[in-house]
Amino acid sequence: MFFNQCNGGACINGFCKCPAGRWGMDCTRSQAYTENLPVMPKMTQLRIYRYELPWTASAGVGTRWEEGQSDFMHVGSLYSAFTHFFNQFAGDWAVRTENPYEANLFYVPLFAYTAWSNVGDPRSNVQHVMEYIQAAYPELWARNEGRDHFIWLPGDKGACWLYDHPLQQNPIKVVHWGLQLRADQFTETTNHGHWMRVNPVNRDYSCFKSEKDVVSSPVVAKNFEVLHASTVYKQALANEQRRWLLYFGGSIRENQIDYSGGARQAFYKHVVLKNYTEVKYGGDHSMLRESTFCFVPAGDGWGSRLMHAMFGACVPVIVQEHVHHPYDDVLLYETFSLRLRISDLPNLVDILRAVPVEQIQRYREAMSQVYLAFSWHADLNGEAYKYTLMALHHKLTNLEAGFYHKRRSRNLSARWLTDSADNADNAARQWQGAAGVTAMARV
């Protein structure tokens, strides 16, 4: 069902027709505020205003939405965190505000995934939406030049696609892929190394900047571990002795060296080929519950192995150099995981053998306190929404403290400048004219 089942409205061809007195993308709005009110953002609590965008802006022209047949059910479960956030935020009036002049963060519901799926290029979508926001709400954008705005980019490469342009780089990006590395540091073995060198990315920090951007958890489906996590942890905390010291069930891709940045290939060479009797390579998710440690490399971008390990009470051994992980600015990863480098893999089994039983139990105890941070399932007490808000609040604090600041953008290519040459006023008129079914209203 589309947009919170339209909150009492009618879903017509994928769009919400709201009852009298209600409006907005999901019929949750009831008030509007006139322009030129004093800008008095809250300073003591998080208050977020969500823009109500026309569908042509939020999802882009030329998509399933244009045909009136798209809804959140088209989104694959693994990538659907942005839909969970949208739906849970809609009714969270402790954080949400209808008054943009008291907001300290602004949520731009840009559905790049619906337009471009997990591997597509969202640059044009981001640019056009931000041009629309800047033109339609200039006083809100100008307050911090968009640095207090946030968008979701849940694709495999997160924000790696984006140009070094203020409209694309100033907003906070909520992503699943937290690779933070300057483009001149990429090599053939770096995850996305070849791709990154030939694409026009932000040369300052490529895909992610930890001072301002947020890594949120992807969605783990309701498998056995998720449904029975409390039982799994009860057994683990009872000093359960597990069958395997170490487990990894993923592929190696021996000839694709930049897949996982070389971590999988090194694991195969230094661990799998040694035929250690206490190491399990291959198998299904039940192996998580039978293993003390779980190897967590990257994939072609972000993966879900960290989340699966957390629900299996299997201590994550994370080997992803230069990569930030979900909520690592508000969670103490060192209390529930090991972070190693690829150069440590020749000694990996010896390293794990040397971990005392008491330390393993401390890891499990810490995991039991935070594993729900990786669940978006509110009906199972998932806390990913709460932790995403915590991370956003942390970035707001960084902004107010001046931890990141204005910087001059490099000139873009003539092609891109031509592609996006329409000024912001023209962009606003274009979106408003194409809005069609969705009524546009000022804040």
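## Salt bridges in this model

A salt bridge here is a side-chain nitrogen of Lys or Arg within 4 Å of a carboxyl oxygen of Asp or Glu. The model is a predicted one, and by this rule it comes out with 16 salt bridges. Let's walk through some of them.

## Aspartate 379 and lysine 222

Start with aspartate 379 and lysine 222: their side chains meet in a salt bridge, with an N to O distance of 2.5 Å. The pair links distant parts of the chain, 157 residues apart. Aspartate 379 sits in the loop between α13 (357-370) and α14 (384-400), while lysine 222 belongs to the loop between β8 (214-215) and α8 (224-227).

How exposed are the two partners? Aspartate 379 has 54% relative accessibility and counts as exposed. Lysine 222, with a relative accessible area of 40%, is partly exposed.

## Arginine 289 and glutamate 225

Next up is a salt bridge between the side chains of arginine 289 and glutamate 225, at 2.2 Å from N to O. This one also ties together distant parts of the chain: arginine 289 is in the loop between β10 (279-281) and β11, glutamate 225 is in helix α8, and 64 residues separate them.

On accessibility, glutamate 225 counts as buried at 3%.

## Glutamate 102 and arginine 47

The side chains of glutamate 102 and arginine 47 form a salt bridge too, with N and O 3.0 Å apart. Again the pair links distant parts of the chain, 55 residues apart. You'll find glutamate 102 in the loop between α2 (81-90) and β4 (105-107), and arginine 47 in the loop between β2 (15-17) and β3 (48-50).

Are these two buried or exposed? Glutamate 102 is buried, at 16% relative accessible area, and arginine 47 counts as buried at 12%.

Now for a helix. α10 spans residues 263-270 and is mostly covered, with six of its eight residues buried. Which ones are they? The buried residues are Ala263, Arg264, Gln265, Ala266, Phe267 and His270.

What do the buried residues of α10 pack against? On the strand side of the list are β9 (244-248), β11 (291-297) and β12 (315-319). The helices in the list are α11 (305-311) and α12 (348-353).

How values were computed:
Residues numbered from 1 in each chain as written. Predicted model: local features only at pLDDT ≥ 70, side-chain atom pairs only at ≥ 80, totals over all residues. Heavy atoms only, no water. Buried < 20%, exposed > 50% of the residue type's maximum accessible area, 1.4 Å probe, protein only. Helix = DSSP H or I, 4+ residues; strand = E, 2+ residues; numbered from the N terminus. Contact = heavy atoms within 4.5 Å.
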